[in-house]
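Visitor: Hi, I'm new to this one. Can we go through it together?

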Amino acid sequence: MTRWLFSSVVLGLLSPLMMTNSLTVSAETQPIAYNMAQPCNDCLHLVPSGTTNQQKNPIYFLRVYHQGQLLYSFETVAGRHFTQNRNRHQAGTEAPLPDGNYRISSHSVPGTLAEVGGRFLPVYPQFSTGRSALGIHFDPSYNKGNGEDGTAGCIGLSSRQHFATLLNFVETHKPQLLIVDIQ
């Protein structure tokens with residue numbers, strides 16, 4: 001597939017599209033290469049940022065596309081810094097979710113753990129893997145020095161407000177596809 005490269009200049013031009021109701025989401029400032037022949041019509045796309053947070057966890061951008069246009073780019077984590085190189089297809093490793101396509105649930109469910117932040121948006125791998133119970137949620141310990149920063153493999157958004165914006169988008173527009181492209 002063709003590799004696309006979005007520079008900070010291009011994303012700077014798109015920054016007005018990344019604001020809604022006075023909510024500013026993460027501005028991507030570094031060039032990112034990823035495997036997507038063209039932006040998807042209505043989907044979510046997880047890509048590496050090339051940076052880490054203060055707790056040494058890699059930062060990923062969760063890009064939200066609607067009608068082929070980038071609407072949001074949320075700062076997220078997946079796994080923890082010490083789980084990044086573990087087997088992403090093996091249950092119990094707490095590694096980030098494996099690369100591939102996932103079907104997105106059309107609605108969230110209550111979170112069962114405090115570190116899920118109250119609500120959980122399930123995603124379902126469209127490929128064979130030993131992983132299950134994967135999803136997207138708010139990480140209440142994001143960038144805090146409490147030893148809980150990061151996730152057990154899910155995509156953890158950096159703020160409750162960003163997660164609420166994402167849930168509103170999912171419930172309104174019902175995107176079906178999450179593309180994970182982080183390895």
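Visitor: Is Tyr 102 buried or exposed?
Guide: Tyr 102 counts as buried, at 0% relative accessibility. Buried means under 20% relative accessible area, exposed over 50%, partly exposed in between (1.4 Å probe, protein chains only).

Visitor: Where do these numbers come from?
Guide: This is a predicted model: local features need pLDDT of at least 70, side-chain atom pairs count only at pLDDT 80 or more, and totals for chains, interfaces and linings use all residues. Residues are numbered from 1 along each chain as its sequence is written, and side-chain values use heavy atoms, leaving out hydrogens and water.

Visitor: How many aromatic pairs are there?
Guide: The count comes to two. Rings of Phe, Tyr and Trp (its six-membered ring) pair if their centres lie within 6.5 Å; planes under 30 degrees apart are stacked, over 60 edge-to-face, the rest tilted.

Visitor: Which pair is stacked?
Guide: Tyr 72 and Phe 74, at 5.4 Å centre to centre and 25° between the planes. Tyr 72 is buried at 8%, and Phe 74 is buried at 0%.

Visitor: And which one is edge-to-face?
Guide: Tyr 102 with Phe 127: 5.4 Å between centres, 85° between planes. Phe 127 is partly exposed, at 24% relative accessible area.

Visitor: New topic. Which residues touch the most other members of the largest nonpolar core?
Guide: Leu 44, Leu 62, Ile 136, Leu 166 and Leu 178, out of 26 residues. Such a core is a set of buried Ala, Val, Leu, Ile, Met, Phe, Trp, Tyr and Cys residues joined through side-chain atoms within 4.5 Å.
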